[in-house]
Amino acid sequence: MNNKLLIVGIDPGTTLGYAVLDINGSLIAAKSSKQLNLNSLISEVVDLGKVVIIGTDKAKIPSLVNLFSAKTGGRIIKPKEDLRIYEKRNLILDYKLENEHQEDALASALFAYKEIKVLLKKINAFVENSKNFS
């Protein structure tokens, strides 16, 4: 089992899209398919590592995202209001993906990453300082 910590963005719908970032915000994987369901999504993502954060672009958390969170133990990060198209496009400017499902999923993951980035920096600083005292 891979112990890499993951941030997962999910775009539910007829075509399910997901994007996976590592804890440093680097894109690891992105996929979309009409054949993806909750179980296959979980199977594919947990092969990559441990889900710690799940991002959505919707203020009202979609049921699939809630179920994914319940089964993986990841914490959901959501916006106060639905992310607008221009906000999502600005988040993913530096990426080239196959379709808008993957793009929306990546925007969700990047939004979540941005929301927790300050906390992650504090944790990393604490860990580094702790190493100096051991």
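Start by selecting Glu-44 in this predicted model: with 24% relative accessibility, Glu-44 is partly exposed.

Next stop: Asp-57 and Lys-88. Their side chains also meet in a salt bridge, again 2.9 Å from N to O. Asp-57 is in the loop between strand E4 (50-55) and helix H2 (63-72), while Lys-88 belongs to helix H3 (residues 85-91), 31 residues away. Are these two buried or exposed? Asp-57 is buried, at 3% relative accessible area, and Lys-88 is buried as well, at 7%.

Stay around here and click Asp-104 and Arg-89, whose side chains make a salt bridge of 3.5 Å, N to O. That one links helix H4 (Asp-104) to helix H3 (Arg-89), 15 residues apart. Asp-104 is buried at 8%, whereas Arg-89 is partly exposed at 27%. Now show Asp-57, Lys-88, Arg-89, Glu-103 and Asp-104 together: salt bridges link them in a network. The whole structure has six salt bridges.

Time for the greasy part. In soluble globular proteins, nonpolar side chains tend to be buried together. Select Ile-7, Leu-21, Leu-91 and Leu-106: in the largest nonpolar core, which has 19 residues, these touch the most other members. Helix H4 (100-133) and strand E2 (16-22) each provide at least two core residues, and H4 gives the largest share, ten.

Finally, zoom in on Ile-7. Its contacts include Leu-21, Ile-53, Ala-109 and Tyr-113. A second, separate core has 17 residues, among them Val-8, Leu-38, Ile-42 and Val-45.

Key. Residues are numbered from 1 along each chain as its sequence is written. This is a predicted model: local features need pLDDT of at least 70, side-chain atom pairs count only at pLDDT 80 or more; totals for chains, interfaces and linings use all residues. Side-chain values use heavy atoms; hydrogens and water are left out. A nonpolar core is a set of buried Ala, Val, Leu, Ile, Met, Phe, Trp, Tyr and Cys residues joined through side-chain atoms within 4.5 Å. Buried means under 20% relative accessible area, exposed over 50%, partly exposed in between (1.4 Å probe, protein chains only). Helices (H or I, at least four residues) and strands (E, at least two) are DSSP runs, numbered from the N terminus. Contact means heavy atoms within 4.5 Å. A salt bridge is a side-chain nitrogen of Lys or Arg within 4 Å of a carboxyl oxygen of Asp or Glu. Lists of a residue's contacts leave out its neighbours within four places in sequence.
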